[in-house]
Amino acid sequence: MAETDKDDIISIIEDGKEELEIPDTLPLMPVRDVVIFTDMLLPLFVGREKSIQAIEDAAEKDGILFISTQKDPGIENPKASEIYRVGTVSRVLKMLKLPDGRVKAFVQGLAKAKIKKYIGRRHYYKVKIELIKEEAIENVDLETEALMRNVREYSEKILALRGELTGDVGTILDSVDNPGKLADLVASNLKLKLEESQDVLETIDPMERLKRVNDLLSHEVELSAVQARIQSEVKDEISKTQRDYYLREQVRAIYKELGEHDEKTREIEDYRKKITKAKMSKLADKEASKQLKRLEQMHPDSAESSVIRTYLDWLIEMPWSKSTKDVINIKKAKEVLDQDHYGLKKIKDRILEYLSVRKLNPDMKGPILCFVGPPGVGKTSLGQAISSSLKRKFVRISLGGMRDEAEIRGHRRTYIGALPGRILQGLKQCGSNNPVFMMDEIDKLGADFRGDPSSALLEALDPEQNSEFSDHYFNLPFDLSKVMFILTANYTDTIPSALLDRMEVITLSGYSSEEKIKIANRYLIPRQIKENGLKSHFLSISEGALEKIITEYTAESGLRNLERELGSICRKTARKIAEGEKGKFNIKRNNLHKYLGISKYQPEMDKENSQVGLSTGLAWTQNGGEVMYVEAAVIGGKGDLIITGQLGDIMQESARAAMSYSRANCDILGIKDKTFQSSDIHIHVPAGAIPKDGPSAGIAIAVALISILTGKKVRSDMAMTGEISLRGRVLPIGGLKEKALGALRGGITKIIIPAKNKKDLAEIPVNIKRRIKFIPVEKMDEVIDLAIEV
């Protein structure tokens with residue numbers, strides 16, 4: 001970059017008695033948070049490399065450079081378009097290099113100028129400038145004098161409100177008789193926004209500039225007055241608080257002299273004793289002592305003190321070291337389980353195994369069991385029986401519909417009304433750290449913007465992690481490894497795989513009619529007789545009546561509706577007795593309708609006759625096994641496949657696979673190929689309001705389809721379950737026991753099953769296998785031979 005020649009000098013200005021030559025080409029130094037006015041003196045800390053080079057080059061010559069403010073203070077290396085064009089020609093009076101590499105420079109504003117163009121950008125900006133000349137005001141008129149006096153008074157008032165007014169300030173303001181210089185002096189000392197200061201600098205006319213400063217001063221006076229009022233109120237409040245604190249300390253000293261304790265001291269001592277008695281973990285004890293110390297130093301009526309009290313109460317009441325002693329008697333436990341639950345051998349064996357291991361190894365971690373089965377099969381009551389057999393406390397929470405992660409982990413104490421999660425709340429309520437903790441409806445957890453509760457449960461239900469479970473409210477580890485968690489679900493499809501992996505799943509399939517009759521006689525009827533105020537000799541229900549209730553008044557895997565119907569009989573009997581009728585009331589099959597009305601279900605009405613295009617499938621739902629009918633019809637069209645009945649994606653794929661199998665084997669099956677081209681095929685699964693899905697209806701759809709295309713009837717006494725492949729293989733399915741129970745309720749005597757499911761027959765009770773014939777098949781050809789009448 002070329003040095004400035006004498007010919008480049010554009011002005012000579014007087015600075016006191018000194019005359020300065022200002023070149024028209026100067027180094028440019030952009031500054032961030034300040035606007036420099038003429039005659040303004042201020043220190044600058046220069047840290048950017050380009051700015052340091054610019055100020056050093058200026059100092060080596062005549063000390064003059066051009067300073068302008070950048071529009072965005074956050075930009076490290078501003079472009080030419082990001083720097084205001086109007087700035088101030090300034091002189092470096094003193095410069096000092098600091099140890100950290102920065103430069104401290106003391107600069108003075110000399111004159112306003114405007115950038116005409118940028119002529120150098122390599123190491124730093126070098127600009128060609130044009131001085132901005134102001135019109136001199138020779139005679140100050142009355143209006144100008146009034147405006148100047150107003151500006152002086154406003155300035156003094158602001159300084160007085162801030163407590164910064166001195167006699168020297170008034171003298172300095174009075175000594176300035178130039179309107180433009182007065183405006184610059186006041187503007188440079190006001191705490192203005194960057195844009196407002198730049199606007200004042202760019203206002204050329206002195207009177208206009210003075211008016212602009214006057215407006216800004218007026219706003220600042222109002223602002224400073226409000227600020228002073230707020231500070232005064234705060235000061236008064238602080239003084240009152242200090243006075244109250246001083247008086248309380250005096251009262252405390254008086255109580256101490258008398259050998260007594262004031263209320264706050266008693267409260268602190270009470271907390272200290274409770275903390276010691278709670279026998280917390282080391283971390284919890286340390287945190288409790290810390291919070292107690294904070295409470296001791298606080299005003300007793302402050303908002304935060306109530307938060308700390310609540311926190312300390314929770315810490316103290318948590319069962320850190322309180323546990324119930326297990327009474328492990330295997331024979332007694334078996335009696336307790338058998339007393340309240342009929343059957344369920346596999347589940348009872350698993351519970352007795354746990355108790356046996358617990359007896360041999362008292363330090364074993366609690367298992368995470370998950371009971372899966374339809375409603376009403378006894379999942380929750382089984383948990384209560386486990387608690388009773390162990391002599392442990394029992395806690396139950398429902399997870400159904402829970403969507404907020406804080407329900408599990410708790411809220412942080414920064415929120416108003418914060419509480420621990422439901423797990424630690426349950427432990428506090430039962431007062432033990434080793435209860436049987438039942439979580440119902442794990443399959444119905446939700447998730448939304450507040451978090452995913454199932455993810456929060458991962459830590460609580462992992463035996464390797466839950467010894468240091470951290471709740472957001474306590475923010476301390478709590479040992480859950482002694483807790484025996486039992487979860488319940490209707491089905492596992494909606495349980496996240498990571499959560500399911502941490503649990504031992506035990507399936508409760510449901511009950512057969514014979515089992516329900518025995519359960520009703522042993523448990524349900526005596527319970528309903530007692531609850532309705534009857535005596536056992538008032539009422540008797542025959543087995544025939546029970547069987548009719550089970551088959552024609554209920555259609556479920558569990559026992560809830562059966563117990564409701566029994567309760568209805570007991571209530572009607574109680575009313576008759578209350579009205580004065582005497583004698584024993586015998587409920588039999590032929591008079592049952594007098595108590596329960598007409599039959600609600602007729603399971604065999606659809607199977608009276610074999611029909612064309614109607615097959616019987618089996619479904620496994622959250623309510624257990626159910627009979628599902630598949631209908632097919634051929635209508636005129638263009639070969640489309642119509643699927644109705646709210647079938648899910650999997651069942652729709654099964655229908656397409658059955659269609660493809662039928663078309664591929666039309667010659668063998670005796671179907672005319674033209675039928676597929678000139679007709680539409682409609683597949684429908686009744687109960688269209690109920691969504692259906694699953695991978696076990698393939699062969700039932702195929703049989704209905706082949707039946708309607710060949711005109712041959714499907715046997716009505718036979719149900720089938722299994723998936724179909726395009727090659728005609730019958731693929732295995734799940735839930736065979738549940739489906740068998742559903743078939744039994746529906747009056748089915750024969751079931752076609754995949755050959756690979758033969759191993760599952762070992763899980764099916766003998767009494768069911770006596771009443772239902774299971775026919776294993778490998779190929780679709782076998783299914784057609786068995787299910788379709790010749």
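Visitor: What makes strand 27 (residues 750-754) mostly covered?

Guide: Four of its five residues are buried. Buried means under 20% relative accessible area, with exposed over 50% and partly exposed in between (1.4 Å probe, protein chains only). Strands (E, at least two residues) and helices (H or I, at least four) are DSSP runs, numbered from the N terminus. This is a predicted model: local features need pLDDT of at least 70, side-chain atom pairs count only at pLDDT 80 or more, and totals for chains, interfaces and linings use all residues. Residues are numbered from 1 along each chain as its sequence is written, and side-chain values use heavy atoms, without hydrogens and water.

Visitor: How do you know that strand 27 and strand 28 (residues 773-777) pair?

Guide: Pairing takes at least two bridges found by DSSP. These strands have five, in the parallel sense, so they count as paired. Ile753 stands opposite Pro776 in strand 28.

Visitor: Why is the crossover from strand 27 to strand 28 called right-handed?

Guide: The strands are set pointing away from the viewer, and the path from the first strand over the helix to the second must run clockwise. Here the chain goes through helix 26 (residues 766-771), and this β-α-β crossover is right-handed.
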